[in-house]
Amino acid sequence: MSGPVLDTIIIGGGLMGLSAGLHLARSGKRVAILEKSWVGRHASGASAAGVRTLNRALEELPISLEAMDMWRNIETIVGDGCGFHSHGQVMVAEKRSDVPVLEKRLAKTRNAGCGHEELIDRDELLRLVPALSPYCAAALIVRTDGAADPHRTLRAFRRSAEAAGVTIHEGCGVTAIDPLGSDWRVRAGEREFVAPTVVNMAGAWAKTIAAMVGDDIPLGHKASMMIVTERVAPLLKPVVSLVGRPLSFKQTDQGTLVIGGGLQGRADIEAEQSFVDFMELSRSARAVIDLFPTTGSLRIVRTWAGMEAKTSDLLPVIGPSPRAAGVFHAFGFSGHGFQLVPIVGAIMADLIIAGGTRKQIASFTAERLMQRQAVA
Ligand SMILES: Cc1cc2nc3c(=O)[nH]c(=O)nc-3n(C[C@H](O)[C@H](O)[C@H](O)COP(=O)(O)OP(=O)(O)OC[C@H]3O[C@@H](n4cnc5c(N)ncnc54)[C@H](O)[C@@H]3O)c2cc1C
């Protein structure tokens, strides 16, 4: 056995792994990230990069709102703006009969003491998104939400993590984890790494890593699909979603239109490949054409699907392993983890360095999923 002395081994070189590595290294920890393929190969590189507190689960809102403060200061954290713009996110009610859905949601967040969402009428909606079809009725908005550039974000987090001293090993897929005295020995084929703490941030493959330390955590997966079009003149600034139809629609700095919304393709987890279902994906394209009729003649440049882990309640797992001392999990972001990237790294550093965090993560235990499995 050889290699440098490590305090923490992070498994998974997506944005979560980079963020955790960065926060830990800045606190003086010696960290290695082991990545099976290359940094950003899976969900983090496939992401639509929406930075959204709008319509989040109430359980996630405390950390999501705190993450938003970090996004506002992202340049201070990673030395680059990550292409983040807070042009707002709007959830549009196309019909008057959809408006009660927005009203109900607003009441729910207000009752929870959160005032970040606002209901706007048709006139205000059309003032903010003039290209939108005038038939739409109203919208819920978070004016400070927005979107970033996923690849610029990956580059910035990687650069900062490496500058802070994190070592990144690509092409280094973890195959086994065994106790070694009070440490953990992590094997990646012939290679071995030893540290007292291990963080499982392996995305769609986190269940396999958890099983290596004896945690049987039920976990599904998803393969969200995306479309990107050719570049067009400025069309819209806020990110647009809909009540009752799957859509997330935005324009990038380069002028391309990015269409997502969580429609599902097919994932082959074993083969590490995902596939686009074009018939299904056409539902998002249809919604865009209804809302922005001028887009009907645009050419699609690329479509893709990206894999990630999904939990039964669509909330992530963030916290210590139920069984293995010194092992921590953060996965199952279920299609909306990009916005949480800065805060999850900070939480992981709190858990590992201080042994706890003041951030509200009580809803994210692995145990909740394991108990539900035991009852079922
Ligand atoms: C198409 C799509 C659109 C999305 N849009 C949004 C959005 O608009 N807003 C939002 O907030 N979120 C969005 N998300 C979700 C967000 O991108 C993810 O929640 C986030 O990127 C998860 O990051 P991660 O680091 O946990 O996972 P990943 O980026 O998947 O990283 C996990 C890494 O672990 C590695 N790994 C797996 N097994 C091993 C092993 N045995 N050894 C070593 N390494 C291993 C993998 O190769 C992978 O690189 C989207 C996701 C997708 C797929």
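**Notes on the predicted model**

1. E308 is a fitting place to begin: with a relative accessibility of 16%, this residue counts as buried, since the cut-off for that class is under 20% relative accessible area. E308 belongs to strand 19, which covers residues 300-310. Please bear in mind throughout that this is a predicted model.

2. The surroundings of E308 are drawn from several parts of the chain. Leaving out residues up to four places away in sequence, E308 touches A43, A204, G220, H221 and K222, and also F333, S334, G335 and H336. For one of these, F333, the C-alpha atom lies 7.6 Å from that of E308, although 25 residues separate the two in sequence.

3. G335, one of the residues touched by E308, sits in the loop that runs between strand 21 (327-331) and helix 10. Its relative accessible area is 44%, and G335 is therefore classed as partly exposed. Apart from residues up to four places away in sequence, G335 touches K222 and E308. The C-alpha atoms of G335 and A223 are separated by 8.8 Å, while the two residues are 112 places apart along the chain.

4. How many of the 14 residues of helix 10 are buried? Eleven of them are, so helix 10 is largely enclosed by the rest of the structure. The buried residues are V341, P342, I343, V344, G345, A346, I347, M348, A349, L351 and I352. Just after helix 10, G355 adopts a positive phi of about 80 degrees.

5. On the helix 3 side the contact involves I63, E66, A67, M70 and W71, which meet P342, I343, A346 and I347 of helix 10. By class, the residues of this contact comprise eight nonpolar, no polar and one charged.

6. Helix 5 (residues 99-111) has 13 residues and spans 18 Å from its first C-alpha to its last, close to the 18 Å expected at 1.5 Å a residue. Which residues of helix 5 are buried? They are V99, L102, R105, L106 and T109. Viewed down the axis of helix 5, these buried residues fall within an arc of 125 degrees, so they line one face of the helix.

7. Just after helix 5, G113 has a positive phi of about 85 degrees.

8. Two residues other than glycine also have a positive phi and may be worth checking in the model. C82, with phi of about 60 degrees, lies in the loop between helix 4 (74-78) and strand 4, and C82 is buried at a relative accessible area of 0%. E272, with phi near 55 degrees, lies in the loop between strand 17 (266-268) and strand 18 (273-275), and its relative accessible area of 19% places E272 among the buried residues.

9. A195 is part of strand 11 (residues 191-195). Is A195 buried or exposed? At 1% relative accessibility, A195 counts as buried. Setting aside neighbours within four places in sequence, A195 is in contact with L6, D7, T8 and I9, and also with D183 and W184. The C-alpha atoms of A195 and L180, which are 15 residues apart along the chain, are separated by 9.2 Å.

10. Finally, in helix 11 (residues 366-375), A366, R368, L369 and M370 are buried. What covers these buried residues of helix 11 includes strand 20 (317-320).

Key. Residues numbered from 1 in each chain as written. Predicted model: local features only at pLDDT ≥ 70, side-chain atom pairs only at ≥ 80, totals over all residues. Heavy atoms only, no water. Contact = heavy atoms within 4.5 Å. Helix = DSSP H or I, 4+ residues; strand = E, 2+ residues; numbered from the N terminus. Nonpolar A, V, L, I, M, F, W, Y, C, P; charged D, E, K, R; others polar. Expected span 1.5 Å × (residues − 1). Buried < 20%, exposed > 50% of the residue type's maximum accessible area, 1.4 Å probe, protein only. Arc of directions from axis to C-beta.
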